[in-house]
Amino acid sequence: MAEHLASIFGTEKDRVNCPFYFKIGACRHGDRCSRLHTKPSISPTLLLSNMYQRPDMITPGVDPQGNPIDPRKIQEHFEAFYEDLFEELSKYGEIESLNICDNLADHMVGNVYVQFREEEHAANALKNLSGRFYAARPIIVDFSPVTDFREATCRQYDENTCNRGGYCNFMHLKRIGRELRRQLFGSSRRRRSRSRSRSPRRHRSSHEERSHGGRGHGRRYDERNNYHENRSRRHISTSPGHQRGRSRSPGGKRNRSPVREGSEERRAKIEQWNREREQQENANNLDKNAANDNNENGNNGYVRNDDKYHHQQQD
């Protein structure tokens, strides 16, 4: 039962909670709605109700005196308000999105939705904006349940096909120029990337630099000097073992490859090996012949003392 209620929460099947308030943070029935408007105790999104006062508030495209207004003037007025509000809200934390409704219905006209990166930033903004005024009008600010503006915006309005106009129950978000968006949100992204690039390792290295007498030479500087010093030592050495062409032995130690010899040296070594082999073969042949002679005489290589003495007497 609990899983079923959780799955239908904030949808049309939910007979207890208002789906429109859950999606857009506002309801056309207001306090007279038959369903509950559950306000969140904490949220990354704030709603500033009816804050933006457009110049053609009474009649679209016409000022209060009945004179037509150039659409470029309306856009300039809106972008000036947007930039002023963005700079003020960015003091309390990093802004993910800032959306202003272009609807004309009473419960949505001039609504401003600001979504911060962290809930703590939104709570800080709520605390500082409560009780303040803008253009001689009090600021009405509260947490909003809206976190996904794709579900809250009118898709037909984005395609210029909405036939309900400004009285649509979904958000008609007014757009700012590309240059202003790049100026406002691009600067915040650059600040975010710089803060992320400052890793703790870099902070430790700066601490090590300060610990070395404040000369600006840290551990990385010392390692760089040792590296160049070792490189110079390797280049100064001229012994065969310090030349290039190193290889890895199975034990992990480095073995130096032998120096390549000339053809004359290799030929002399081959001749020396042949002579040593011939001498060894001759010595083996002499040992074999001596062993065969002894076997034929029947003494197995040994001479008895009396025979030796008899031969000496005969001599």
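Being three residues apart in helix α7, R182 and E179 are separated by about one helical turn. Their side chains meet in a salt bridge, 2.8 Å from N to O. A salt bridge here is a side-chain nitrogen of Lys or Arg within 4 Å of a carboxyl oxygen of Asp or Glu. R182 is partly exposed, with a relative accessible area of 46%. E179 counts as exposed, at 55%. The cut-offs are these: buried means under 20% relative accessible area, exposed over 50%, and partly exposed in between, with a 1.4 Å probe and protein chains only.

This is a predicted model, in which local features need pLDDT of at least 70, side-chain atom pairs count only at pLDDT 80 or more, and totals for chains, interfaces and linings use all residues. Residues are numbered from 1 along each chain as its sequence is written, and side-chain values use heavy atoms, with hydrogens and water left out.

Now step back to the whole protein. It has eleven helices and eight strands. Helices (H or I, at least four residues) and strands (E, at least two) are DSSP runs, numbered from the N terminus. Of the 315 residues, 28% are buried. The accessible surface comes to about 23300 Å². Carbon and sulfur atoms hold 47% of that surface. Areas come from the Shrake-Rupley method with a 1.4 Å probe; for residues, only the protein chains shown count as cover.

Contact means heavy atoms within 4.5 Å.

Next, look inside. The largest nonpolar core has 28 residues. Such a core is a set of buried Ala, Val, Leu, Ile, Met, Phe, Trp, Tyr and Cys residues joined through side-chain atoms within 4.5 Å. At least two core residues come from each of β1 (45-48), α3, β2 (95-100), β3 (112-116), α4 (119-129), β6 (141-143) and α7 (178-197). Which element gives the largest share of this core? Helix α3 does, with six residues.

L46 and L48 have the most contacts inside the largest core. Leave aside the neighbours of L48 within four places in sequence, and L48 still touches G110, N111, V112, V114, L129, I139, I140 and V141. A second, separate core has eleven residues, including A26, V146, F149 and M171.

Strand β1 also holds T45. Is T45 buried or exposed? At 0% relative accessibility, T45 counts as buried. Beyond its neighbours within four places in sequence, T45 is in contact with V114, Q115, D142, F143, S144, V146, T147 and F149.

The buried residues of α3 are I74, F78, F81, Y82, L85, F86, E88 and L89. They cover an arc of only 160° around the axis, so they sit on the same side of α3. The arc is that of the directions from the helix axis to the C-beta atoms. On the face turned away from this buried side, α3 carries the exposed residues R72 and K73.

E88 leads us back to charged pairs. Side chains of opposite charge can pair when their charged atoms come close. The side chains of E88 and K91 meet in a salt bridge, 3.2 Å from N to O. K91 is exposed, with a relative accessible area of 62%.

R117 and E96 form another salt bridge, at 2.9 Å from N to O. R117 lies in the loop between β3 and α4 and E96 in strand β2, so the pair ties together parts that are 21 residues apart in sequence. R117 counts as partly exposed, at 34% relative accessibility. E96 is partly exposed, with a relative accessible area of 34%. R54, D56 and D102 are linked in a network of salt bridges. The whole structure holds ten salt bridges.

Finish at a loop. A135 lies between β4 (133-134) and β5 (137-138). Its phi is near 55°, a positive value in a residue other than glycine. A135 counts as exposed, at 61% relative accessibility. A136 is in the loop between β4 and β5. The phi of A136 is near 65°, a positive value in a residue other than glycine. A136 is exposed, with a relative accessible area of 75%.
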